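Please find below a colleague's note on the model, arranged as numbered points. Each point may be read beside the sequence and the coordinates.

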Amino acid sequence: MSKMLKKTRLANIELLRIIAMLMVVTLHFLGRGGVNAGATVLGGTWILSTIWDGLAIISVDVYVLISGYFLIKSQFKMQKLIDIVLQVFSYSFIMYIIMIIIGKNSFSVSGFVTSVLPILTNQYWFATAYVGLYILFPFLNKALLSINQNQHRNLCIILILMFTLYLPSTALQQSGTGIVWIICLYVFGAYIRLYYRPKGKLNWKMVVLYIVPATILPLSKIFITIVAEYGFSSLLKYNGWFYKYNSVFVVWAAIALFVVFLNIRVNSEKISKIICSIGGLTFGVYLFHNNPSLRDHLWNALDLPSIMNNWWFLLAGVGIIIIIFTVSALVELIRQKVYYVFINSRLYKNVYNMIASSKVIQFINR
């Protein structure tokens, strides 16, 4: 099969990957941009941000489901792991240096160390979790491929029951930002790849199954907030109860939307090529716009609280999110071109061969 045909077949998933990253930018727009915190409770902007947040919160789950879908049929590649680590490092270290040079940040030993070791110091929580997942996935595959469909399905059910029910005072009560939930999503994505066969046409049942939880999410927050405002103020702290990556409604919506896109076909080779090219830039979009040295300056400069009560805020918000995505994608495109030259250098090849021949890598590849 030609490379072009392969991309055409996978363009639907790459389109979903792009949408998921736009959702990530949206979450940061609302959270780091100060919209969620600054909006008047039950006001128009607050309701808009609640709906927007509810639609975008599935982004991380979708992104990891895609990884599980592909990696269950893949082999561990040392080159891929190095690519991810160096990609994270380049954004962390280079942006740290640039922001010091232009006078936006000041040098500190702790800042320098974290910029050099972004994975180990959790500068980007998702990048740290994803590197952990990539190291573990060969072992996860051996376990998942050794069980039958019923066992795999039962495992998915058990994981959902264990990690999406928020029982008080349990070690399982988390927001889904750790490696444990990432592994759970991997198991779900792997199940879909192994046992679900796309029909090649829009699955309206799954569309409905996506709309239901996507509607419940904002309604739950609005309802709890209204109840809290009218005499039950102690409930206010629970208004975002389901706005977590491991919320049952979030994972429900994420899986349904993923299956919807599995059944979509992009027939134009030209459009497919564009989609696949942009899809390959999405992780860089995350690393650039959410860079620890840059992000506070970015959102302070945009000053979203000063415009969020205007009637045109929705249009402005969509425009800002698209611009941030586009600029970040262009930065990643430049980085990839520079990186391509670097990995073809003799120095890189010598270092890579030394690492690839190590006993640790041989152990993972067994």
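1. At 12% relative accessibility, S293 counts as buried, where buried means under 20% relative accessible area, exposed means over 50% and partly exposed lies in between (1.4 Å probe, protein chains only). S293 belongs to the loop between α13 and α14; helices here are DSSP runs (H or I, at least four residues), numbered from the N terminus. Not counting residues up to four places away in sequence, S293 touches M95, Y96, M99 and N105, contact meaning heavy atoms within 4.5 Å.

2. On provenance, this is a predicted model in which local features need pLDDT of at least 70 and side-chain atom pairs count only at pLDDT 80 or more, whereas totals for chains, interfaces and linings use all residues. Residues are numbered from 1 along each chain as its sequence is written, and side-chain values use heavy atoms, with hydrogens and water left out.

3. S59 lies in helix α4 (residues 59-71). Leaving aside neighbours within four places in sequence, S59 is in contact with A20, M23, V24 and L27. The C-alpha atoms of S59 and I94 are separated by 27 Å, the two residues being 35 apart along the chain.

4. How do α13 and α15 pack? Helix α13 (residues 282-289) and helix α15 (residues 313-343) meet at an angle of about 105 degrees, with their axes 8 Å apart. The axes are lines fitted to C-alpha atoms, for helices over the stretch in contact, and angles run from 0 to 180 degrees between N-to-C directions. The two helices are therefore roughly perpendicular to each other; angles under 35 degrees count as roughly parallel, over 145 as roughly antiparallel, 65 to 115 as roughly perpendicular and the rest as oblique. On the α13 side the contact involves T282, G284, V285, F288 and H289, and on the α15 side I324, F325, V327, S328, A329, V331 and E332. These residues divide into seven nonpolar, four polar and one charged. In this classification Ala, Val, Leu, Ile, Met, Phe, Trp, Tyr, Cys and Pro count as nonpolar, Asp, Glu, Lys and Arg as charged, and the others, Gly among them, as polar.

5. Helix α13 also packs with helix α7 (residues 125-144), at an angle of about 140 degrees and with the axes 10 Å apart. That angle makes α7 oblique to α13. W125, F126 and A127 of α7 make the contact with F283, Y286 and L287 of α13. By class, this contact has six nonpolar, no polar and no charged residues.

6. The structure holds 25 aromatic pairs. Rings of Phe, Tyr and Trp (its six-membered ring) pair if their centres lie within 6.5 Å; planes under 30 degrees apart count as stacked, over 60 as edge-to-face and the rest as tilted. F89 and F93 form a stacked pair, 5.4 Å centre to centre with 5 degrees between the planes. Both residues lie in helix α5 (residues 78-101), four residues apart, about one turn of the helix. F89 is partly exposed at 29% relative accessible area, and F93 is partly exposed at 24%.

7. Ring pairs link Y63, Y124, W125, F126, Y130, Y245, F283 and Y286 into a cluster. The charged end of R17 sits over the ring of Y63, 5.7 Å from its centre. Likewise, the charged end of K221 sits over the ring of Y243, 5.2 Å from its centre. The criterion is that NZ of Lys or CZ of Arg is within 6 Å of the ring centre and within 35 degrees of the ring normal.

8. Which backbone angles deserve a check? Most residues other than glycine have a negative phi. L42, although not a glycine, has a positive phi of about 70 degrees; L42 is found in the loop between α2 (35-38) and α3 (44-56) and is partly exposed, with a relative accessible area of 30%. D303, also not a glycine, has a positive phi of about 50 degrees. The loop between α14 (295-302) and α15 holds D303, which is partly exposed at 37%.

9. At 55% relative accessibility, I334 counts as exposed. I334 and L48 are 286 residues apart in sequence and 35 Å apart in space, C-alpha to C-alpha.
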